[in-house]
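Dear colleague,

I am passing on the structure below, together with some notes on what turned up when I went through it. Please read the notes with the coordinates open beside you.

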Amino acid sequence: MKKLTVCRGLAGGLRKLALGLLIAGVLAPGFGLSVFAQGYEANYDESYYSKFRDQGIEINVYNWGEYLSDGEDGLMDINAEFEKLTGIHVNYTQYETNEAMYAKLKSGANSYDVIFPSDYMISRLIEEGMVQPIDFDNVPNMKYIDPTLLNPTYDPEQLYSIPYAYNRVCIIYNRDMVDYEVDSWDVLWDEDLAGQILMFKNSRDAFGVALMKLGYSINTEDPQQIQEAADLLKEQKPLVQAYVMDQVFDKMQGNEAAVAAYYVGDYYIMKEVNDSLEMFIPQPTELFMDAACIPSDAQNKEAAEMYLNFLNEPNVAAENMEYIMYSSPNTGAVALLDEEISGNTDLYAPPEVLANTEVFIHLSEETNLLLDELWTDILSDDASYLNWVMPVFVILAIVVIGASLILRSKKKKNAKY
Amino acid sequence: MRAKAAAYPYMAWTLVFIAIPLGLILYFAFTDIHGGFTFDNMIQAGSYSSVFVKSIWLAAVSTALCLLLGYPIAYLMSRWRGMKSRTLLLLIMLPMWMNFLLRTYAWMTILENNGIINQLLGMIDIGPLPLINTQAAVVLGMIYNYIPFMILPLHSIMVKIGDDVIEAAQDLGAGPREVFSKVVLPLSMPGVKTGIIMVFIPAVSTFVISQMLGGGDNQLIGDIIELQFLGNTYNPNLGSAISMVLMLLVLLCMTVTGFLNDENMEEKLL
Amino acid sequence: MRWISKTYLGVFLAFLYAPIAILIFYSFNEAKGRTFTGFTTKWYVELFHDAAVFDALMTTLIVAFVSAAVATAMGTAAAIGLNKMNGRLKSVMMNFTYLPIICPEIILGVSFMLLFVSARGVLSAVSIDFQFGWITLILSHITFNVPFVILNVLPKLRQMDKSLVDAAMDLGCNRWQAFSKVAIHEIKPGIIAGFLMALTFSMDDFIISYFTTGAKHQTLSVLIYSMTKRRVSPEINALSTLIFVVVLTVLLIYNLMGWKKEKQLKMRRKGGGSFEEIDRM
């Protein structure tokens, strides 16, 4: 999920490095960059992409924040490139969490043509009929997707989604602030680090960490286990400095916090800015997969499929992944990426390591409600004995307001005479 | 007769864009997803009572502090005349033209562990103090954003207290303390009431300030409403129920301060 | 006593301006984060090349001007009508006028969202595709802007000398001419103040836009909000610095003019009268 904030520093750095290797350091970096900014070799099928040219078609794309290369650091501005190639205008907006995206979609305020939900959200959307099957004849570049990542549990028949990026959850810590080698989830409950711990701001990830610490499945439906996890999170709350998503970048890079649970790819981006940061990937850990889907009420399905195909052009996907720094499911893109990135086993782990991960799946409605309730309970103060306050207030307020209105109108009447 | 017709478009507009939307909140608050009548949303809203209490508490603290801090400023300003007073008024209003999200974001920079305050404290070997992600930070954010709403109504009431009135009191033997407690304070009460309303209502319903300065676990009633519509899920029924409780709270405040049905409200608001 | 009040005032103004100073400071920061690494003006350059920020700025301006213009026209007409009304109808309408001002913005935002979502459902039944976007933004902004116009114009109408209009009609004007040639000049300051107020509120609005924005265009506030969830681009700091400078300049000019007038007034008759305050409240 998320983001890649600021600094595409690492991507930029690696790019320069790659360039250096490429031209054996002969050219000045400035010149080199401008050569390199042309990117990887493009090989677009012009006749395919010109289908909608000059028809004034627009598509609404809804993506995670900073989850698509936008032309910074000499990387491709993917939406602009797509518009140039196809004449289709892209309206691009961003969301912060799967749940926020779901709320917007569910409200029906707008129809979107392309969204990028994560695993468990995809199965929820499929279940609720909110996404539609993709016509893969229109997405020839589907052939590049790593076959081992196809037919996942969230979309067993591979009808609705095209894998976009995946990554694992890890523990990121500051070696100047944590004076021991981190080797388990326990560091997130270390009382010596009170006030320096950052935790996920979404319920699935936060519960996932607690459940993994307890040795349970992150997809457990056992209320007993979930309650245990909730207790653990409550116990952790006094130690937590803040519940964050993308703000984790600012805080970890700026030595604001000592330890955070986040995603491996993001660690490399932070590391580029703050060299004191270290990472540990617990075993087992959570693996997430974000995939592109087309909502049921999409207005330009075929144009959306063209967009998805474009995202999976190996050169486009490679540029994009340099920007995002997560792992790409697109084998064509991985082949193009520099050894430095594609050989990094934290990002592109061998299958036996990936086997030791768990992917979120959609839970039953009762479990979701229980999670929601417990999560709200954790974030707000646990003072359920106060539950009478609101109803009592409502009754009192109605009485007082009503009485004062009646008094006033009486007064007015009296004043008239 | 025809002049009245000029208000008809506005009346139609009000019906469609004020009355119907507020009616929809009521409708959603008392129905389930299938449109059947239910009290479930209200009961579920009850489980947010602690958030509700916390919102009122923080907003009340902020309002009190705004009054305490803003009153002297308004008074000073009202005793000055002409250019000086106008310049000060301008200085107080100018920040409101900057986007409030950005100003609040700037506070994050000031308050964080390696922020400006803690760096200064660090120089004299204090801290770092936990400033950000606390309730105090949320209160600070509220005061910062809403104190002009306290000062401006106070000021517009206080300028109407003529110097002659104060001089008369002094001539009659009142000391500074008595001038304040027996003349200025009672005469400024309408401004105080307006100020309290103008600060308390946005403070109790905010969701941005608590999100930015509260660190995610200082959720307020506004956060909970936002979560139901655009945050966690789309549950307009529960969201409407909580909104309705918030609206009742606002109406109650207005009743208590005597705002409701007040004929001269417009003067107070502008 | 004097120095206490002066010090207090100084501290208060420092409190008010510290965050703004920081915003301006960071617009010249070379790094993207909150660590200061060096002086640069590159964000000002990039600002003018950033399509997303530009689009958001245009959206904000268009929504503000259109909604303020419509609100001013409708609000002025409404004030004229309300001024002639009496009794129950008037007091009901006045209460509806105060409502958007008093009501917490989040409730207004949520209620607009419910309205437009319902409208979308109804309209799609007659196969009209109604999406959140320009229309929803402008409609909701008009709604919260109209009351400010009305509340600015009404007092001017009340203060207006009724015999002016009568005189115009005696001299052969019809009602419309009497209004457009005479009355409107009397209430013009109220109309202008209402328009400016509507404009500023609309440009500054975040919460209501947040609930009514669509998939195609976002206002500046909504864009900034989505940035605060990650990291605010220094371009935005640069933009606010520019806005701050523009507002400051406009206000300074306005006030210099005011001060001059005031001086002239003072020369003419001793003691300053009351001046129009340019406040937004």
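Predicted model: local features only at pLDDT ≥ 70, side-chain atom pairs only at ≥ 80, totals over all residues.

Chain C has 11 helices and zero strands, and its C-alpha trace spans about 75 × 70 × 35 Å along the principal axes. If one takes the contacts within chain C between residues at least 6 apart in sequence, 76% of them join residues at least 24 apart.

Turning to the interfaces, 67 residues of chain B are in contact with 69 residues of chain C. On the side of chain B that touches chain C, helix α2 (residues 8-29) of chain B gives the most, with 13 residues, and the make-up of that side by class is 52 nonpolar, eight polar and seven charged residues.

Chain B also meets chain A, where 32 residues of chain B are in contact with 34 residues of chain A. To the side of chain B that touches chain A, at least two residues each are supplied by α3 (40-46), α4 (49-79), α12 (221-231) and α13 (236-256) of chain B. By class, that side holds 14 nonpolar, 15 polar and three charged residues.

Which residues of α5(B) are buried? They are Arg86(B), Leu89(B), Ile92(B) and Met93(B), and because the buried residues of α5(B) fall within an arc of 120° when seen down its axis, they line one face of the helix.

In chain A, the feature I would point you to is a pair of strands, β1 (residues 58-64) and β2 (residues 89-95), which pair in the parallel sense over seven bridges. Within this pairing, Asn63(A) stands opposite Gln94(A) in β2(A). Together with helix α4 (residues 78-86) of chain A, β1(A) and β2(A) make a right-handed β-α-β unit.

With best wishes

How values were computed: Residues numbered from 1 in each chain as written. Chains lettered and ligands numbered in written order. Contact = placed C-beta atoms within 7 Å. Helix = DSSP H or I, 4+ residues; strand = E, 2+ residues; numbered from the N terminus. Nonpolar A, V, L, I, M, F, W, Y, C, P; charged D, E, K, R; others polar. Pairing = 2+ DSSP bridges. Right-handed = clockwise from strand over helix to strand, strands pointing away. Buried ≥ 20, exposed ≤ 12 C-beta atoms within 10 Å, placed from the backbone. Arc of directions from axis to C-beta.
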